[in-house]
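Hi,

Here is the structure I said I would pass on.

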Amino acid sequence: MPSSPQSAQRNARGRQRIAQEAARLIAESGIQDFEHARRKAASRLGIHEEALWPRLADVEQALREHQRLFASTTQPGALRQRRASALQAMQFLQAFQPRLAGPVLTGLAGDSSPVILHLHCDDAEAVQHFLHDQQIPAEARAWPLQLAGHASRQHYPGWEFAADGIAFELVILPEDAVRQPPVSSDDGKPLPRATLAQLRQLLADE
């Protein structure tokens, strides 16, 4: 049975409220995973039916608007600083075919945003040994991602550390993921990622 115009309007308002609350959580509470922020926002607002939730793209748009309204003087500087740090890190980790992902690439990075790098290596311990040899203290962690050709998210190992006040997350993916990158669990489309050369161009264009 088709929904009434009033019901459709109410659902649209609910999606907008979830997107705005998720954006606030990301901007103010340090939550970095958009899906986690969306789920937490929906729970806070008492909207538990996932079919009534906004798309992750809607959360991203709400975050852009939140930053425009509340962080227009600080966010651009934080973004530039993290992109420059990402460039240095990708040069340092070039042997692992790094790809920049997340808010530093999409332009949504703020003061609490980490630099997210996808490294491609079938031997996860090789990254650990590299960091150890370079005397970089890092903590092990795992991240949920859905690779192309997989039906659901899986947890992939990695390392996190801080340098010059900026957090870094190194997610270790199989070498095949260079050509078959992670996809959005929302629509199955490849997540935006950038090579070292593409990041250089991005910085040059700023």
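One definition before the sheet: two strands count as paired if DSSP finds at least two bridges between them. Also bear in mind that this is a predicted model.

**The sheet**

Six strands make up an open sheet with mixed pairing, and their order is S1-S2-S5-S4-S3-S6. Strand S1 (99-101) and strand S6 (182-183) are at the edges with a single partner strand each, so one side of each has no neighbour in the sheet.

S3 (residues 139-147) and S4 (residues 154-163) run antiparallel and are joined by seven bridges.

Trp 159 stands opposite Leu 170 in S5. This hairpin, of S4 and S5, has two residues between the strands, and here Asp 164 is the one with a positive phi, near 55 degrees.

As for what lies across the sheet, helix H6 goes over strand S2 (115-120), S4 and S5. H6 runs at about 10 degrees to S4.

**Aromatic rings**

How many aromatic pairs does the structure hold? There are three. One of them is Phe 92 with Phe 130, a tilted pair at 5.1 Å centre to centre with 55 degrees between the planes. This pair links distant parts of the chain, as Phe 92 belongs to helix H4 (residues 75-92) and Phe 130 to helix H6 (residues 124-133), 38 residues apart. Phe 92 has a relative accessible area of 38%, so it counts as partly exposed.

Then there is Phe 161 with Phe 168: the ring centres are 5.2 Å apart and the planes are at 10 degrees, which is under the 30 degrees cut-off, so this pair is stacked. Phe 161 and Phe 168 are both buried.

If you colour the aromatics, you will also see that Phe 92, Phe 96 and Phe 130 form one cluster.

**The largest pocket**

The largest pocket comes out at a volume of about 950 Å³. Its lining is made up of 33 residues, and those nearest the centre are Gln 32, Phe 34, Gly 102, Arg 153 and Leu 191.

Which strand gives the most to that lining? S3 does, with five residues. At least two lining residues each come from helix H2 (34-45), helix H3 (56-70), helix H5 (103-106), S2, S3 and S5.

**Glu 35**

Last one: is Glu 35 buried or exposed? Glu 35 is in helix H2, and its relative accessibility is 16%, so it counts as buried, the cut-off being under 20%. Leaving aside residues up to four places away in sequence, Glu 35 touches Leu 56, Arg 153 and Ser 185.

Cheers

Terms used: Residues numbered from 1 in each chain as written. Predicted model: local features only at pLDDT ≥ 70, side-chain atom pairs only at ≥ 80, totals over all residues. Heavy atoms only, no water. Helix = DSSP H or I, 4+ residues; strand = E, 2+ residues; numbered from the N terminus. Phe/Tyr/Trp six-rings, centres within 6.5 Å; stacked < 30°, edge-to-face > 60°. Buried < 20%, exposed > 50% of the residue type's maximum accessible area, 1.4 Å probe, protein only. Contact = heavy atoms within 4.5 Å. Axes fitted to C-alpha atoms, helices over the stretch in contact; angles between N-to-C directions. 1 Å grid on protein atoms, 1.4 Å probe; cavity = no way out; pocket = protein on both sides within 12 Å on 5 of 7 lines; lining within 4 Å. Points joined across faces, edges and corners; volume = space filled by probe spheres on them.
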